Amino acid sequence: MVEEKEAQYYSKDFQWEELREEVERDPSLRHHLAPFPSSSPHPSDVDAWRRFHRRHSTGRFFKERRYLLKEFPELVYCDDFTNLLEVGCGNGSTVLPILRAKQNILVYACDCSEEVLEKAKEILATANAVSLEQRFHPFLLDFSVGGFPNWLFCASCQKNSLAKPLNFPSDFKENESTTLNDLSFLREDRCCIGGVDFITLIFTMSAVPLQKMSFVADNCFSVLKPGGLLLFRDYGLYDMTMLRFLPEQRVGCNVYMRSDGTLSYFFSLDIVRDLFLGAGFIELELEYCCVRSVNRRNGKKMQRVWVHGKFQKPS
Ligand SMILES: C[S@@+](CC[C@H](N)C(=O)[O-])C[C@H]1O[C@@H](n2cnc3c(N)ncnc32)[C@H](O)[C@@H]1O
């Protein structure tokens, strides 16, 4: 991941087509473009992520994503007591700047790794943000196999809100014997929090096998309030890190397995569009953006390609 302090230049008018032509003309990059022989599904790499977080338990990989508030200004100008769900929160890189910027935002955040959720709590507790405790609610979930918990938006409230009710089995175990998944914030007389106003999917969808992405997108749709926004940022097709993968790390079309077993998918705009429009969202923004930076250690220039998207649930 690019260290934020190193990032020099974000460009939205970046000519991705020029990069595509360059890549497609380069014989040394041909292995990235070859049709993939089999469409066999990749194994879910949730255990690989858990191992990753166990190995990096110092939280050294924590990079606060301050630029997100510039990219998604609605997070700054939203009403008080807005609910936000961060999907695949890791150690809180996305959540922290949001909590800092808005003293009255309530953040629900899930991840498949108990270790990283504990780490996120620790990082947030020492981060000098005001009254974090009441505003950060982490819960354990493998969102590639289970739906979001009913307490986010129960089926009956979904129906009453005129949203498309979805009936996915909820994988959330309310009796988990952990300090995570504490529901004491939910008032006794309430069945759920009534849905969320925002969902952030920041460098998370790329970790999910392609054939499970629409399940995740559908589930996101189901817990958003009508009119709510899904904010998306992830690796773009022909990103520098994609072009550096070795041929044997390519496990599907535009998907690679890192040496630690975690997956990384590189998105074209069409794939992102199909995914979220297929789930029922309206597209508000969708573009490639380019992040240019200089590696401070070796002075080398780096060019990263990310996809930036904003989708709305119809009201
Ligand atoms: C690249 S990190 C991004 C973290 C965070 N969104 C950020 O902005 O830094 C991807 C996160 O997704 C989590 N993850 C991957 N697959 C998951 C799954 N199926 N269910 C829950 N979490 C998952 C990983 O544990 C990891 O913390």
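Figure 1. The model is predicted: local features need pLDDT of at least 70 and side-chain atom pairs count only at pLDDT 80 or more, while totals for chains, interfaces and linings use all residues. Residues are numbered from 1 along each chain as its sequence is written. Helices (H or I, at least four residues) and strands (E, at least two) are DSSP runs, numbered from the N terminus.

**Figure 2. Buried side of α10.** Val272, Leu275, Phe276 and Ala279 are buried in α10, which spans residues 269-279. They lie on the same side of α10 because they cover an arc of only 80° around the axis; the arc is that of the directions from the helix axis to the C-beta atoms. A residue is buried if 20 or more other C-beta atoms lie within 10 Å of its own, exposed if 12 or fewer, and partly exposed in between, with C-beta atoms placed from the backbone. Gly280 follows α10 and has a positive phi, near 115°.

**Figure 3. Leu29 and its contacts.** Leu29 is in the loop between α1 (16-25) and α2 (46-55). Leu29 counts as partly exposed because it has 14 C-beta neighbours inside 10 Å. Apart from neighbours within four places in sequence, Leu29 is in contact (C-beta atoms, placed from the backbone, within 7 Å) with Val23 and Leu243. Leu243 is 214 residues from Leu29 along the chain, and their C-alpha atoms are separated by 7.0 Å.

Technical notes: Contact = placed C-beta atoms within 7 Å.
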